[in-house]
Amino acid sequence: MAGGGAITTIDSGIIEYAIFIVLLPMLAFPIILFLGHIFNGNQTWVKSAKEGGLIALPIMVASFVLSLLLIVEFIGASQGEYSIGTWLSFGWIDANTMEIDDMAFGVGIYIDHVTVMLLFVASFLCMLINIFSIGYMNTDPINDNRNHRFYAEFVLFCSGMLGMVLADSFLWLFIFWELMGLCSYLLIGFYYEKPSAAYAAKKAFLTTRIGDVFLVIGLVMLWNLFGSLDYDVVFYEGNIAKVDPGELQLALGMMFIGAVGKSAQFPLHVWLPDAMEGPTPVSALIHAATMVNAGLYLVARMFPFFANGDMAGELVDLAFIIAAIGGITAVMAAAIAFVQDDLKKVLAYSTMSQLAYIFTGLGAALWLANTPGKEKYAIVAFGAALFHLFNHAMAKGMLFMASGSVIHEMHHAHHDTHHHDDHGDDHHDDHHDDFDAQSMSNMGGLASKMPITATAMLVGSASIMGLPFIGGFWSKEGIIANAWRVALEDPRFFFPAACVLLGAAMTGFYMSRMWLKTFAGKPKTEVAEHVHEQTPWIPIPLVVLTFVSLSSVILAGMMFTHWSSDTGYAFFSDKNLIDGMIYEFEHVFLNPDAFFFVLTYVAIFIGAIVGPGLAMALYGGSLKEGEKAKPWMQPIVNLSSRVNKKRGFDNSAWANSGLSDALRERLYFDKWYDAAMLKLVVGFANISAAFDRNVVDGTIKTIESTSQKISTQVRRLTTGSARDYIMMAALGVLVIYLLLGVMI
Amino acid sequence: MSTENEFDADMIETLGPEFTVFVGLLLIMIVPNLGNGTFRIPGTSIRLPWFLGGTRYKAVASPRLPGLLAVLTMAVALFQVVWYLLDASAADSKIISSENGIEIFKVNMFSRIFEAIFFAALLLAAIASLDRLPTGSQKSDDIDVLFNNRRQADFYILMLTSALGMSVVALAQDMFVLFVGLELASFSTYVLVAFHKETRAGSEGGAKYFIVGSVASAVGLYGLSMLYLWAGSLQFDALAAKWAADGASSLSMMALGFVLVGFAFKISAAPFHFAAPDAYSGANSPVAGVLATASKAMGMLGLMRVLLLITVPDADADGSAIWVGLLGVLAAVTMTWGNIAALGSENPKRMLAYSSVAHAGYMLAALTAIGAWNWGLVDNGGDAMDVVVAALLFHMFVLVFFKLGAFLVLGVLEMEGGASRLSSLAGLGKREPLIAVAMFLFMISLAGVPPMAGFLSKLLVIMGIVEVATGTGSLSAIGDAHWVWWLALLMVINSAISMFYYLRIGVVMYFHEPEEGREGALASGSSIRVAIALCAIGTVAFGLYGGELIELCRNAADSLQ
């Protein structure tokens with residue numbers, strides 16, 4: 001089943017150069033590695049080129065600018081989707097005609113609204129994180145002389161992410177997906193001499209591998225159904241109509257398992273918290289902003305299958321599974337985040353939980369798309385899910401970078417307070433004592449000392465919590481509303497819908513807890529008193545992202561204008577942005593439907609008042625005497641202190657309960673998995689090793705030694721005497737005549 | 001098709017490459033001898049300058065001059081051949097005939113592509129030999145140096161004569177002309193093999209090669225005389241007509257058998273291959289490389305002419321040629337024997353010799369398939385035959401790069417000491433990373449690993465055989481296929497066996513420590529490295545972009561009929 005034609009092909013304009021978005025970082029990879037190898041330790045290299053950071057930065061800026069131009073061109077063209085033809089094609093020899101068959105598979109670019117969203121997120125955050133890395137990595141003392149490796153792997157990773165987003169077939173998506181997997185392994189294990197980092201890298205790699213195996217199976221099944229993996233072919237309505245829905249659902253379900261692994265969802269979520277062993281920019285890049293979104297992107301890519309008229313009602317089970325996995329993970333991860341003491345781990349679990357939201361949103365959107373008569377809602381729900389992806393990526397990228405800023409300054413403050421006397425001391429000393437720069441128990445009261453970081457953290461947390469008017473609020477409301485909209489139609493969806501509503505309150509709690517423990521209250525250690533912001537590179541991305549999160553309503557407006565009209569459901573006759581924004585306001589706050597009206601305010605109430613209120617009661621506190629935070633943070637600190645004094649209660653009963661212990665142990669998933677691995681996998685490995693040693697090797701060795709023996713015998717016939725050679729030739733002549741004689 | 005029968009400018013144009021080789025030959029003989037020599041008119045004291053002998057001019061006295069002349073000659077000849085191949089308008093064949101109408105030469109794509117193979121191999125070998133033969137200062141009084149300098153010209157003259165002989169074989173339209181060319185090429189190679197007569201291996205290998213080769217030639221000539229007795233002519237056309245009219249008689253079958261023996265020795269098919277390992281290991285490595293590629297292609301060419309032009313398949317019960325069974329057995333025995341013997345060889349040159357025996361087996365298998373081409377299953381026999389012939393031509397062409405390349409790498413080692421033990425290669429990965437990489441490429445190409453040229457050629461041959469055996473490919477059971485299918489299977493199995501000894505070279509190069517006293521970089525020699533680089537590029541390039549060459553081979557295969 002070849003040939004498609006669903007997609008407009010355009011071959012002029014910026015899109016001609018779109019391949020450079022991917023190629024530039026990919027080409028920078030060997031260059032940085034090579035230069036770093038040559039100039040390792042050279043002062044100019046360290047100071048002026050920041051060990052490759054300033055080579056990577058222009059590349060990432062160029063990639064971002066190209067992406068932006070491409071997006072502008074796309075929005076201007078107001079085309080549903082388009083792609084560019086093929087740059088490379090690989091041929092194969094046809095056995096019968098001995099001629100070269102062209103176009104066995106090719107490389108191209110495919111662009112629609114999903115691409116555009118992800119492309120912006122990926123290229124924008126890659127650039128900002130690059131800036132952040134220059135501040136973070138190059139002052140980290142244990143990174144002496146190997147940051148070029150970081151930057152090289154960083155750009156390769158970015159090219160993988162951008163390539164995956166721009167790919168025009170599931171095959172190339174998978175290739176870049178694996179490239180990211182490789183880079184994530186390398187980056188998580190950047191401090192490979194630390195056993196925990198090496199272990200975390202291995203764990204991340206193996207866990208996502210489980211998902212990837214299923215993804216390959218799914219892709220093979222898809223190939224079987226369509227005879228191609230090109231979007232052009234598989235998204236073509238005529239082709240989808242010919243496919244058996246049950247088989248298609250199975251294939252997509254297999255691919256979804258791949259997405260579960262990559263996006264760290266239950267039950268393949270165990271790798272993400274451990275992956276925080278990597279340097280903080282890596283956490284920001286891979287585990288918040290880009291790679292974990294790959295799984296979401298893959299699910300979002302399945303939309304055309306669900307929206308196809310011939311599939312109506314056939315794929316709702318898969319949509320439910322997607323939403324249910326999201327619901328489970330959202331609550332589970334949020335609960336575990338309650339008890340985490342490590343700043344980055346809280347963010348890791350928060351990431352899992354928020355990604356789960358998006359999965360639920362996508363599940364709801366896919367359900368709506370697959371149900372006749374609901375297409376209009378499907379587009380809105382789909383938009384809300386992707387919009388949450390955007391908001392979450394921005395906010396979480398910012399939060400990770402802010403946490404990096406805190407950790408970085410804690411390190412330096414620790415270094416200054418403890419090694420004041422002997423400055424010539426070895427930097428590596430830092431890592432031999434017990435001080436944990438990531439533990440929130442060592443922080444507190446940093447709001448006055450790190451104003452930019454605290455502000456960024458505040459806005460980021462607010463965006464994740466969904467405080468009204470800030471970032472994630474708009475999208476989270478959409479996800480909750482649409483999950484309930486489906487639940488009203490399909491009772492199964494009550495489960496994920498209830499989960500995401502409960503999750504909103506939990507998010508409010510753990511995000512507030514994190515902020516309060518870090519920035520409010522009195523400094524809990526001597527180190528925390530000496531913290532101050534000092535590196536110029538780190539605050540830049542924080543400030544930029546703060547404004548992006550605050551202004552996300554503009555994008556919400558765009559969703560209702562460009563997005564919906566491009567996909568065929570015009571809310572407005574013209575694409576006026578202000579109309580879109582006003583509609584969004586009305587839609588959220590003054591929903592005409594009584595059910596959704598109440599639902600909105602319930603969600604706001606539990607997410608913005610109940611959750612943070614509890615957190616304030618438990619962890620609130622005023623700053624040290626005489627210190628004042630910035631005017632927009634001081635009221636919050638004061639409020640928390642007042643709530644804490646008034647409503648504070650002793651939570652030791654809870655803290656010592658069995659559930660709390662279970663949460664600290666991450667609900668025992670890791671233990672169970674380890675035990676299962678030891679029993680099953682190692683056992684099977686032993687059996688297969690024995691098989692390999694005895695049967696496979698044994699056979700091969702027997703063949704080898706036998707043929708060596710034969711070889712010796714055969715070569716003995718070559719006596720070295722010309723007389724014998726002629727004898728053999730004469731014998732040969734006789735044989736020839738015998739054979740010819742038989743013929744006659 | 002046009003005919004030339006006068007010696008004029010037209011003929012020179014038609015036989016351009018051959019005249020180039022001939023002129024180059026004369027130049028190598030004359031130019032190094034130019035000097036201020038004089039000639040005294042007898043009975044007087046008048047001395048006339050005649051420019052030969054005496055004190056040689058400085059410009060021509062360099063001992064490297066003959067080598068450079070030979071390289072230049074081969075390059076120009078190769079260029080002319082390639083020009084002909086790529087020039088679409090020249091695709092018609094031209095026939096050179098004598099005054100009484102006997103066709104002597106035929107110039108077409110088929111003969112020219114063989115000449116391209118010969119000239120490419122000889123060019124690479126000539127380039128590589130520039131460093132291989134020791135030369136010394138012209139002023140030196142050392143008798144060895146003087147002797148070596150003198151021998152330069154001999155070596156390249158022999159190379160050019162073998163080139164001339166091979167091109168005569170390629171063009172010949174008459175069995176006798178073909179035989180003369182074959183002997184010209186053979187005698188040159190006999191001497192080339194024994195060129196290092198100081199070493200025991202060299203003289204011994206050369207002598208054996210000569211003795212066994214002479215016997216084979218004699219047998220072949222005997223077969224030719226029988227053919228003449230039978231048909232009254234040795235023209236291919238006349239023989240083919242006679243064969244078509246009378247079919248196989250006992251006289252013609254006997255003659256065919258003897259002629260086959262003569263060619264089987266050239267391609268070193270079992271059991272006529274015994275002298276080959278001795279000859280290869282005794283010969284200079286570039287010369288051994290020529291034996292394994294150009295010389296083998298020459299034998300193959302003769303076989304194809306005899307088997308495909310004269311003894312075309314007749315329309316008996318299953319439409320197969322009369323020699324299908326014979327060739328099938330020969331192919332099976334040859335490829336298996338070569339591979340098994342190569343498995344245990346500790347001498348890399350002997351290993352390569354046996355591997356070249358195995359490759360001869362693969363080629364014979366392809367020929368066997370052609371012999372079965374018009375049996376029932378194939379709708380369009382002519383096409384199928386073209387496919388296999390093209391595959392065969394492609395195989396012989398790319399073989400030049402990786403087989404000769406492998407010998408050249410051994411040649412570099414020989415410049416330093418011996419290359420007669422596997423351990424001579426040890427540690428090459430560290431000593432000369434580039435050469436080791438090239439050698440590894442040659443090895444995996446010989447083994448048939450994608451994306452090397454060797455993979456593509458082997459694949460084409462196997463696919464061709466399978467296509468002939470299964471026809472349209474819609475068979476219900478393997479039992480329905482022609483038995484040549486089993487030859488394809490045997491080829492696959494043999495390729496798997498051959499992996500072992502090819503990859504062992506890689507293991508030795510990269511994982512074994514160098515021998516005592518052989519650490520560090522190898523002896524210098526830029527031209528042999530250039531030749532190796534050319535071979536490596538060809539090996540990879542024709543593997544990745546073989547399409548054009550395959551197309552060319554198809555055209556050549558078309559022009560055979």
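Reader: Why is α15(A) called largely enclosed by the rest of the structure?

Author: A residue counts as buried if 20 or more other C-beta atoms, placed from the backbone, lie within 10 Å of its own, as exposed if 12 or fewer do, and as partly exposed in between. In α15(A), 19 of the 23 residues are buried, so this helix is largely enclosed by the rest of the structure. This is a predicted model, in which local features need pLDDT of at least 70, side-chain atom pairs count only at pLDDT 80 or more, and totals for chains, interfaces and linings use all residues. Residues are numbered from 1 along each chain as its sequence is written, with chains lettered from A and ligands numbered from 1 in the order in which they are written.

Reader: What makes the span of helix α15 of chain A close to the expected one?

Author: The expected span is 1.5 Å times one less than the number of residues. Residues 316-338 of chain A reach 33 Å from first C-alpha to last, close to the 33 Å expected.

Reader: How do you know which residues of chain B are in contact with chain A?

Author: Two residues are in contact if their C-beta atoms, placed from the backbone, lie within 7 Å. On that criterion, 35 residues of chain B are in contact with 29 residues of chain A. The largest share of this side of chain B, seven residues, comes from α12(B). Helices (H or I, at least four residues) and strands (E, at least two) are DSSP runs, numbered from the N terminus.

Reader: What is the confidence in chain B?

Author: The average pLDDT, the predictor's confidence in each residue from 0 to 100, is 85 for chain B, and 92% of the residues score at least 70. The model scores ipTM 0.83 and pTM 0.67.
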